[in-house]
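Hello,

Here is the structure I promised to pass on. Please have a look at it first, and my notes follow below.

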Amino acid sequence: MAHTLSPGEIIAGIKREIETATLRARNGIQYLTLDKSEGLQPTPRTLVANRDKVTLWRYASAHKRYDEPVLVFLGLVSRSYVLDLLPGKSYINSLCAAGFDVYLLDWGQPDAAESENTLETYVDFYLPRALKIVQRESGCRDVNVIGYCFGAILALMYEASRGNTPISSLVLMAAPVDFRHMHVHTGPLRDGMLDPDDVINDEGFVPADVVRRSLSVRSPTYEIAQYVNLWDKLASKSESGALEAHAMMSNWVRDHVNFPGAAFRQFVTMFLQGNGFINGTARAGNKKIDLSRIQVPVLSVIADRDDLIPPKVSYPLRDFISADLYEEVVLKAGHVGLVLGGTAQRVTLPAIAEFLERNSTLTAEETA
Amino acid sequence: MTGKPDKPIWRKTFDKAERAVGGRLEEMIDTRQFADAMSMTARVQKGVVNQVYGTVHRTLHLFGLSSLKDTRAIARQLNRLEAQLRDVSAQLEALEEQPLATRAAQKKPTRVRAASAQPRQPVQKLVERTSKPDGEEEG
């Protein structure tokens, strides 16, 4: 039997719609004026050092409990502000709250001047310098390192190519190790059907737009869904922060950086085609990269729904590192969910913090 | 008990439709055939752009003018040089950081000259050989 609306219900419904429309209009203006360029970055930070376009930031913990600082970095195509994107959901802030001083190594936004940067530029030049500066600034010889995605490749290349490093423990999030199990879209590059120079432009880098399209093509309805999400969030109350979160997140997902051509060619040859970590053919300059050389505690954080770095790509790391040093955490999350969102705050970060705490030294104040 | 508010009907309808269409598209896209098609497109696009820019490049050269390609080639050479300098700098630093004992062990041992070995010819002999036959100094 059809339900007939009473005049009171009709008036209440109209009133509700008018309120929602007003809220949408107000939120719409706020959305347009929001500076979405680099997230909200709520955690205070200090610029410690910079060289070329690479910057090293320090986030001091308000209640430092451990001597060893944490150095964290992403890969070469993502903007690192995702680690401090929103209040209450900041990866870096959570580590600071756990009692660690955090240093963020931001590779910057390369352009033609960085087109000839090789993987060695990052592994043998910038990263060692950053570690030295972190040691000096923190007054501590040992440094915990967190590498995410391509950042994990750089961390593995560094640690597995030399001994006696400052790294005292290593957290690798979505670490690509066995490239045979990468997504089918890497197939053309892997088997040579697509040459790296086919995507490298005349200025010598893979444009950010190409990187973005290659990632976003796998979710063809994402853009439309985001507009619908926006329409939905415009009706949310401003104190909920839902609109800001949506704005920052959707901006970051589209925000990529150019990939230096020389590094890209190396990555394709050494890893996608040569599967360098597994086959033992990877090199950092003239240094052989041997994962079994890693003699520090390692935590491998894997997302079971990661379609960019499927779990099978990360699992083989366990075969190279001694069982008493290797730990693994598999989380119900996607690739981005490891650093952003509820799962990161509820599951990922506590697991990482617990690992770091076990492998760090309490400060003198804490032990007193 | 508080929980997430129920989605409005329009939103549920959209989500259903989006998954129905998006899910199918994603299945088609997550295939090697699609990846190959994208690669072919990229190669063709690059080829066409190269042809166009190549024609412009050659035309400018015909009139003795340099093109954007020339400028970029020089910039890339400079970048390579800078990258090589960085490599050298990194290697020097690595060398400096080696413990002295290790460096000493890596030094080539000096050759022990046998008692019967011929002494090296002194430089003066070479000068004498190149001087004028009557012994006058050059210049």
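Let me start in helix H3 of chain B, where Glu82(B) and Arg86(B) sit four residues apart, about one turn of the helix (helices are DSSP runs of H or I with at least four residues, strands are runs of E with at least two, and both are numbered from the N terminus). Glu82(B) and Arg86(B) form a salt bridge, with 3.8 Å between the closest N and O atoms; the term means a side-chain nitrogen of Lys or Arg within 4 Å of a carboxyl oxygen of Asp or Glu. Arg86(B) is buried at 9% relative accessibility, while Glu82(B) is partly exposed at 37% (buried is under 20% relative accessible area, exposed is over 50%, and partly exposed is in between, with a 1.4 Å probe and protein chains only).

Before going on, a word on the source: this is a predicted model, in which local features need pLDDT of at least 70 and side-chain atom pairs count only at pLDDT 80 or more, while totals for chains, interfaces and linings use all residues. Residues are numbered from 1 along each chain as its sequence is written, chains are lettered from A and ligands numbered from 1 in the order in which they are written, and side-chain values use heavy atoms, leaving out hydrogens and water.

Over all chains, the count comes to 33 salt bridges. One of them pairs Glu203(A) with Arg72(B), at 3.9 Å between the closest N and O atoms. Glu203(A) lies in the loop between helix H5 (187-190) and strand E7 (205-206) of chain A and Arg72(B) in helix H3 (residues 68-97) of chain B, so this pair joins two chains. Both ends are partly exposed, Glu203(A) at 28% and Arg72(B) at 24%. There is also a salt-bridge network that links Asp232(A), Lys7(B), Arg11(B) and Asp15(B).

Within chain A, Arg358(A) and Glu354(A) meet in a salt bridge of 2.8 Å, N to O. Both belong to helix H12 (residues 342-358), four residues apart.

Another residue to look at is Ser314(A), in helix H11 (residues 311-314) of chain A. How accessible is Ser314(A)? Its relative accessibility is 1%, so Ser314(A) counts as buried. Leaving aside residues up to four places away in sequence, Ser314(A) touches Ala174(A), Ala175(A), Val177(A), Ile302(A) and Ile309(A) (contact means heavy atoms within 4.5 Å).

As for chain B overall, it has five helices and zero strands, and 14% of its 139 residues count as buried.

Best wishes
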